[in-house]
Amino acid sequence: MRMDKLVLVLATFALAAGLYVSNIQIGVTLGQELGLTAKYVDGQLPITSPDSTIWGEVEAKEVELGPQLTAAPWIHPKPSIRSLRVRVIHNGTWVSFLLEWNDATKDDKMLTDTFRDSAAVMLALQPGAGQCMGTPTAEVVIAHWKADWQRDVNEVFTDISELYPNFWSDWYPFAVGDPPYTLPNLMNLSTAKEYFAGWYVGNPLSTPLKLTPVETLVAHGWGTLTTYAFQSFIGRGIHDGAKWSVVISRPISPGQADPPWGDGGPVEVVSAV
Amino acid sequence: METLGEQKWEAKRYAGKTVFELEDRPNKENPVAGYFPEDLDYAHPNLGEDEVSGVLETEGGYFPTIPKPLWMFYLPRICNHCTYPACLAACPRRAIYKREEDEIVLVDQARCRGYRYCIEACPYKKVFFNLMTRVAEKCIACFPLIENGKIPRCFETCIGKIRIAGFISKPDSPNPENPIDYLVLVIKVALPLFPQSGTEPNIYYIPPINVPLNFLRMMFGPGADNAVKTYRAVMEKARQNGLENLDDEDLKLIGLVTLANSTNRIVHRFRIIRETLEIVGYDEHGGGLVKVPISEPKHVREFYDQRLKVYRHNIT
Ligand code: SF4
């Protein structure tokens with residue numbers, strides 16, 4: 001299938017990056033419609049390369065971010081990230097989004113009292129899904145890139161001794177050698193799993209061996225966000241000391257959770273930081 | 001409790017706001033008033049745990065005397081599996097649930113996404129963020145053991161042998177033969193910690209009788225006075241008159257303290273055998289589980305051992 005014009009309607013909301021969890025600042029710019037058009041690129045897309053030169057040839061849309069005021073957590077009227085630059089390209093089979101925002105601090109660790117940086121793209125599977133999380137009659141598919149997952153992908157595994165260098169823990173019955181432990185070298189995977197309940201039951205957040213920093217989720221309203229059985233998004237994020245550049249990609253129609261863009265009409269897209 | 005600020009008890013009835021009602025809560029995103037612990041709060045969890053808490057009010061200063069005028073006590077705290085769990089109320093994803101069969105409160109490890117509202121909301125700070133799995137975790141009350149009629153591991157391994165696990169009846173229909181009902185609902189010597197939280201915690205403590213009452217009231221509410229009075233009176237009578245001269249009610253309290261941790265099974269019913277001064281625990285079908293003497297045999301060893309011709313330094 002070849003589409004010269006992949007039309008995306010972009011609204012935005014912001015999830016302030018790197019903040020203490022209870023200060024999550026979510027923002028949405030209600031009704032901001034950008035009419036973003038994906039640029040056709042011949043050949044292979046930089047599906048995991050936010051630093052590819054191809055992006056330089058694509059016009060960026062500056063998106064203003066505002067607070068999300070629909071559901072808790074909703075209070076903070078001023079998200080710490082106020083704008084986002086978005087570029088979208090496709091080659092007929094794949095679509096890639098490049099999200100960039102200024103952020104001098106790279107928060108890619110989950111400590112007990114901090115949250116990591118993250119960004120998301122949401123595609124409406126039916127019209128009328130609204131700007132956040134869809135509705136009972138209009139489902140959405142969400143690609144959620146997380147800085148801590150990116151760290152896991154880059155460095156294979158983040159042991160506690162890397163989060164807290166002075167941390168001292170008792171002996172891990174499933175590990176060999178000394179901390180910081182690595183996976184799978186210093187941990188017996190099948191035994192270790194029994195000590196990590198989230199991993200054991202297959203929670204993707206808890207799986208230490210991550211294949212991609214992007215999680216594919218579906219939702220049909222607030223509180224319904226669920227990891228989708230069919231993971232179709234991939235991506236990569238890099239931090240250059242001043243900003244995050246995150247590319248999120250997937251096949252245009254992977255066969256499951258496909259937005260209705262086959263008919264050439266606009267598809268609702270929401271992005272979040 | 002600092003979050004709740006100053007609130008009132010009207011006699012034995014709490015007339016203040018609970019964590020569910022406080023409008024002026026620090027974080028309005030969270031429907032429950034709470035405190036989100038910072039990294040440093042977790043840095044030294046045991047700091048000061050063996051230090052004395054104060055000097056008995058009546059003594060007016062520290063002098064090396066016996067019994068010591070200083071006081072302290074250990075307060076083992078696990079998740080209370082509250083009747084109205086604040087953690088559950090705070091979760092925007094409904095990833096926390098209370099099991100119908102035994103009211104154990106669990107965090108669904110597959111559904112949790114590590115938002116940590118539960119950690120902020122729990123007044124007892126009993127949900128923790130697991131840095132490895134990046135989701136919230138808490139005590140599961142060893143539910144696989146409970147399902148098999150056994151007590152949780154921390155109860156079974158309590159070296160002080162002072163924990164009793166069991167099921168409680170509704171407050172208006174206590175069964176005096178059930179150990180928990182007897183201690184909590186009938187003679188009311190076991191009290192919930194910080195009842196003003198409003199979560200109705202289901203771990204009950206027999207307050208230490210040598211600690212100033214003001215302090216105990218602060219921790220366990222106005223019921224502390226009665227609990228201390230009842231417990232102290234029974235112990236006094238036992239000391240003065242001997243166990244065999246206690247009435248049945250008094251024997252029950254001492255018997256239950258002895259019965260604690262004598263079996264790893266949940267005791268649903270107990271009975272005192274006055275003639276032999278024993279207490280018997282039964283399972284839910286009425287089958288006998290354990291029989292223990294209420295009065296433990298006492299051995300006094302002489303300071304000087306004639307046979308070995310040595311002095312003993314520890315004669316207790
Ligand atoms: S003690 Fe805390 S974690 Fe346990 S049920 Fe109560 S509110 Fe929830």
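User: Where is the place of Lys252(B)?

Analyst: This is a predicted model, and in it Lys252(B) sits in helix α8 of chain B, which covers residues 248–259.

User: And which residues is Lys252(B) in contact with, leaving aside its neighbours within four places in sequence?

Analyst: Once those neighbours are set aside, Lys252(B) has contacts with Tyr182(B), Phe270(B) and Ile272(B).

User: What separates the C-alpha atoms of Lys252(B) and Leu106(B)?

Analyst: Their C-alpha atoms are 34 Å apart, and along the chain the two residues are separated by 146 residues.

User: Staying with that helix, at what angle do the axes of α7(B) and α8(B) cross?

Analyst: The crossing is at roughly 95°, and the axes come within 10 Å. The two helices, α7(B) and α8(B), are therefore roughly perpendicular to each other. On the α7(B) side the contact is made by Tyr231(B), Val234(B), Met235(B), Lys237(B) and Ala238(B), while α8(B) supplies Asp250(B), Leu253(B), Ile254(B) and Val257(B). By class, the residues of this contact of α7(B) with α8(B) are seven nonpolar and two charged, with no polar ones.

User: How do α6(B) and α7(B) pack?

Analyst: Helix α6 (residues 213–220) and helix α7 (residues 224–241) of chain B pack at an angle of about 120°, and their axes lie 9 Å apart.

User: Changing topic, how much do chain A and chain B bury between them?

Analyst: They bury about 2,900 Å² between them, and 54% of that is on carbon and sulfur atoms. The contact takes 44 residues from chain A and 27 residues from chain B.

User: How many salt bridges are there between chain A and chain B?

Analyst: The count is three salt bridges. Arg134(B) forms a salt bridge with Asp148(A), in which the closest N and O atoms are 2.9 Å apart. There are also 15 residue pairs in polar contact between chain A and chain B, counting pairs with both residues at pLDDT 80 or more.

User: Which elements give two or more residues to the side of chain A that touches chain B?

Analyst: The elements of chain A that do this are β8 (140–146), α1 (147–155), α2 (160–163), α4 (197–200), β9 (214–219) and β10 (226–227). By class, that side of chain A has 24 nonpolar, 13 polar and seven charged residues.

User: What's the salt bridge count over all chains?

Analyst: The count comes to 25 salt bridges over all chains. In chain A, the side chains of Asp108(A) and Arg151(A) meet in a salt bridge with an N to O distance of 3.6 Å.

User: Which parts does that pair tie together?

Analyst: Asp108(A) lies in the loop between β6 (94–102) and β7 (118–124) of chain A and Arg151(A) in helix α1 of chain A, so the pair ties together parts that are 43 residues apart in sequence.

Methods
Residues numbered from 1 in each chain as written. Chains lettered and ligands numbered in written order. Predicted model: local features only at pLDDT ≥ 70, side-chain atom pairs only at ≥ 80, totals over all residues. Heavy atoms only, no water. Contact = heavy atoms within 4.5 Å. Buried area = accessible area lost by both parts, 1.4 Å probe. Salt bridge = Lys/Arg side-chain N within 4 Å of Asp/Glu carboxyl O. Polar contact = N/O pair within 3.5 Å; in protein donor to acceptor, adjacent residues only side chain to side chain. Helix = DSSP H or I, 4+ residues; strand = E, 2+ residues; numbered from the N terminus. Nonpolar A, V, L, I, M, F, W, Y, C, P; charged D, E, K, R; others polar. Axes fitted to C-alpha atoms, helices over the stretch in contact; angles between N-to-C directions. Parallel < 35°, antiparallel > 145°, perpendicular 65-115°, else oblique.
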